[in-house]
Amino acid sequence: MPTITTKDGVEIFYKDWGKGQPIVFSHGWPLSSDDWDAQMLFFLNNGYRVIAHDRRGHGRSTQVADGHDMDHYADDLAAVTAHLDLKNAIHVGHSTGGGEVVHYIARHGESRVAKAAIIAAVPPLMVQTAANPGGLPKSVFDDFQAQVAANRSGFYRDIAAGPFYGYNRPGAKPSEAVIQNWWRQGMMGGAKAHYDGIVAFSQTDFTEDLKKINVPVLVMHGDDDQIVPYADSAPLSAKLLKNGTLKTYKGFPHGMPTTEAPTINADLLAFFRG
């Protein structure tokens, strides 16, 4: 399996398919690069080189006990882009991966980056604070951690079968295959990485990162996102970005890259080519 080894000895698994302008995909919590199947096949067939890695502690990467924070996530992504010597790359991040992309660009600069897209992403800040009154109470994320510790398998099944894809909405038609694939990806990863990752995605404040970014960024979010609520995320991120464009999807769920792949892929392609 293709891997790189980071400075602190973590093996990061990655996929690298095709030729052309590179698109680098950063996945959400607690998943893996497999969550990008619908995008990687589409963009490969449209003449792009597509790359996706498993975040440390997730998927096929090393299940280490530490380093599950945005600094390490961004540095690991930088290690992948440097190893592959990517130039003029487009970065796409979903959910936690959107935070990873924003932090990577702000922390490591734009010399290798052409554009970015963040989808249903966690910036600017998920947790409620005095400065972010619209955020979710910390107790929500404390409960996430408690459920990961108590019954990770059951918790992951419930997320996938319910709010992640909007399958808990009236008239929804749950796909058992999609639910099981989410559960499979989650259970491939390490419990410690997932437990710590909840703090990373909920308590990292990306406000200053967003302000530093100059490249064009497409901010995509469904207004029925039950995981990363719309009002406290996408519109705020788009305002903080120097060159941000907000695209709102009526009724789309958090997992829209999977359930609404044709729409998301077409809009990404138009942005990449624009």
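The structure is a predicted model, in which local features need pLDDT of at least 70, side-chain atom pairs count only at pLDDT 80 or more, and totals for chains, interfaces and linings use all residues. Residues are numbered from 1 along each chain as its sequence is written, and side-chain values use heavy atoms, leaving out hydrogens and water. Helices (H or I, at least four residues) and strands (E, at least two) are DSSP runs, numbered from the N terminus.

**Nonpolar cores**

- A nonpolar core is a set of buried Ala, Val, Leu, Ile, Met, Phe, Trp, Tyr and Cys residues joined through side-chain atoms within 4.5 Å.
- Buried means under 20% relative accessible area, exposed over 50%, and partly exposed in between (1.4 Å probe, protein chains only).
- With 57 residues, the largest nonpolar core has Trp29, Trp182 and Val217 as the members with the most contacts inside it.
- A second, separate core holds 23 residues, including Tyr48, Ala117, Leu268 and Phe272.
- Contact means heavy atoms within 4.5 Å; leaving aside neighbours within four places in sequence, Trp29 touches a list of residues, among them Arg55, His58, Phe155, Trp182 and Phe201.

- Strand 6 (residues 113-119) is largely enclosed by the rest of the structure, because 7 of its 7 residues are buried.
- Two strands pair if DSSP finds at least two bridges between them.
- Strand 5 (residues 89-94) runs parallel to strand 6, pairing over 6 bridges, and Gly93 has Ile118 of strand 6 as its bridge partner.
- Strand 7 (residues 217-222) also pairs with strand 6 in the parallel sense, over 4 bridges, with Ala116 opposite Val217.
- Strand 5, helix 3 (residues 96-108) and strand 6 form a right-handed β-α-β unit; right-handed means that, with the strands pointing away from the viewer, the path from the first strand over the helix to the second runs clockwise.

- Helix 1 (residues 37-45) has Gln39, Met40 and Phe43 as its buried residues.
- Seen down the helix axis, these buried residues fall within an arc of 95° (taken from the directions from the axis to the C-beta atoms), so they line one face of helix 1.
- They pack against strand 2 (11-17), strand 3 (22-26), strand 4 (49-53), helix 9 (256-259) and helix 10 (261-273).
- Just after helix 1, Gly47 adopts a positive phi of about 90°.
- Asn265 sits in helix 10 and is buried, at 4% relative accessible area.
- Beyond its neighbours within four places in sequence, Asn265 contacts Ala38, Gln39, Phe42 and Phe43.
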